[in-house]
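Open the model in a viewer and keep the sequence panel at hand.

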Amino acid sequence: MARVKDSVNIGVLGCGNVGAALINLVEDRAEDIEARTGLHLEVTRVAVRSLSKEREVSLPAKAFTTDVEDVVEDPGVDVVVEVMGGIEPARELILRALESGKAVVTANKELLANHAVELFAASDGAGVDLLFEAAVAGGIPLIRPLRESLVGEDVSRVMGIVNGTTNYILTKMTEEGWSYSEALAEAQSLGYAERDPTADVEGFDAGAKAAIISTIAFGQKVVAGDVSHEGISGITPTDIDFARRLGYQIKLLALCDRLEDGSLAVRVHPTMVPDHHPLASVRDSFNAVFVEGDAVGDLMFFGRGAGGFPTASAVLGDVVDAAANLAKATHGSLGSFAKARVRPIDDLSYRYYINLEVVDRPGVLASVAGLFGEHGVSIRSMEQQALDREEADGTAARLIFITHEAREADVRATLAELRGLDSVTAVGSVLRVIGAS
Ligand SMILES: NC(=O)c1ccc[n+]([C@@H]2O[C@H](COP(=O)([O-])OP(=O)(O)OC[C@H]3O[C@@H](n4cnc5c(N)ncnc54)[C@H](OP(=O)(O)O)[C@@H]3O)[C@@H](O)[C@H]2O)c1
């Protein structure tokens, strides 16, 4: 049974970008929060790896420890905030904190995308909150709207731009005409991209968020390994240019759908989004999530998906919620989650953009088009562009196809055979197209 109290002590695991911002935000906002809720919040313990690192927070040195046990075992701590990242020891520490009756707030998408349901069960078992608004789309309220405001809604689709780094890179490629590597280098110099950008640019980060979103939106257990993901490192200025001429923007989207038979389709890939779609106008490092519900229609949530303070803002909202529940000796149940049936991407259908380089000689177009036809992939439009290059047996040309809706498996089979043709010198980007233009 949780303790009933109005004075709430917070123990923080980690004092990096998010942890330090949270400590400052608690200090700035504590008086207002107390006036509005009657709860007095105070950060009393902070675990870090190094005590010698300089930190821009005004807490006494004795609040810091390198022993994570000091935070989760401290009987004076009521709410544990986990902002250290990684799976272990974060998972183990959260379970221990919950078992000892402490509410937990975490921003850890990697952990939740792999162990959410185990952690939810521990929270319900212990009768204390586990809240994680900041784990998806940073400062943008999304988890609480999905769990609470939309609980009576039949949500069929949640899709969005949930990685700011890749959105920044694609925006610069579109608006400045930069190459992928130029845009990545700028993102790294601004601190938007890590030195090893793989998690962002190859879609792992967005995939983890898609797993969490699907679990919450559809009430079924989806883990990171269920999500098929492709990144943006293969996108070229040519793709951006063609997309723009055809009336589209290229965006890295996380797409989470509940299909008619109750199975789910959850995937992350670069997508051609029509210019008129609200997600097409989301620029720079901003995030936005589009929700389609049966009764409510379309909703969009927009804002800063990362950064210390935006993320800490979401964490603090959860801390206040958890503290209010502790004061009332209650908690928000997360419910039970059956394993989702996640449809393989091969079974899904889209319209496709396909970029090929070929030798420009008689008969080539017919043989390429013939292969599409053999696999039942119908061509909607085709554009040919001469390339400033000679091949051994002719000049080079680029062919850009837009298909009608086709099954992914049939498109993949077509591409495999196209790669085997002598006349096809390169198969470039293959992008899924959503919406009509
Ligand atoms: N940054 C964002 O914009 C953002 C947005 C959404 C979600 N998140 C999530 O928030 C979490 C934190 O991110 P961040 O950017 O704040 O990370 P960060 O800057 O790398 O900070 C991590 C902090 O945890 C401490 N730490 C790590 N392992 C520890 C251990 N074993 N024992 C004690 N302390 C340990 C580090 O201590 P030292 O300082 O001593 O090294 C550091 O203070 C991650 O799960 C991340 O995915 C971040």
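At what angle do helix α3 and helix α4 pack, and how far apart are their axes? Select residues 90–99 for α3 and residues 109–126 for α4 in this predicted model. The two helices pack at about 15°, and their axes are 9 Å apart. Angles under 35 degrees count as roughly parallel, so α3 and α4 are roughly parallel to each other. The crossing of α3 past α4 is right-handed.

Next, show the side chains at this contact. On α3, select Ala 90, Arg 91, Ile 94, Leu 95, Leu 98 and Glu 99. Colour them by residue class: the contact of α3 with α4 has 8 nonpolar residues, 2 polar and 2 charged.

The secondary structure consists of 13 helices and 19 strands. Along the principal axes, the C-alpha atoms fill a box of roughly 80 × 45 × 35 Å.

Which share of the residues is buried? Colour the chain by burial: 46% of its 437 residues count as buried.

Last, draw the contacts across the chain. Taking contacts with a separation of 6 or more, 75% are between residues 24 or more positions apart.

Definitions and conventions. Residues numbered from 1 in each chain as written. Predicted model: local features only at pLDDT ≥ 70, side-chain atom pairs only at ≥ 80, totals over all residues. Helix = DSSP H or I, 4+ residues; strand = E, 2+ residues; numbered from the N terminus. Buried ≥ 20, exposed ≤ 12 C-beta atoms within 10 Å, placed from the backbone. Contact = placed C-beta atoms within 7 Å. Axes fitted to C-alpha atoms, helices over the stretch in contact; angles between N-to-C directions. Parallel < 35°, antiparallel > 145°, perpendicular 65-115°, else oblique. Left-handed = near helix turned anticlockwise from the far one by under 90°. Nonpolar A, V, L, I, M, F, W, Y, C, P; charged D, E, K, R; others polar.
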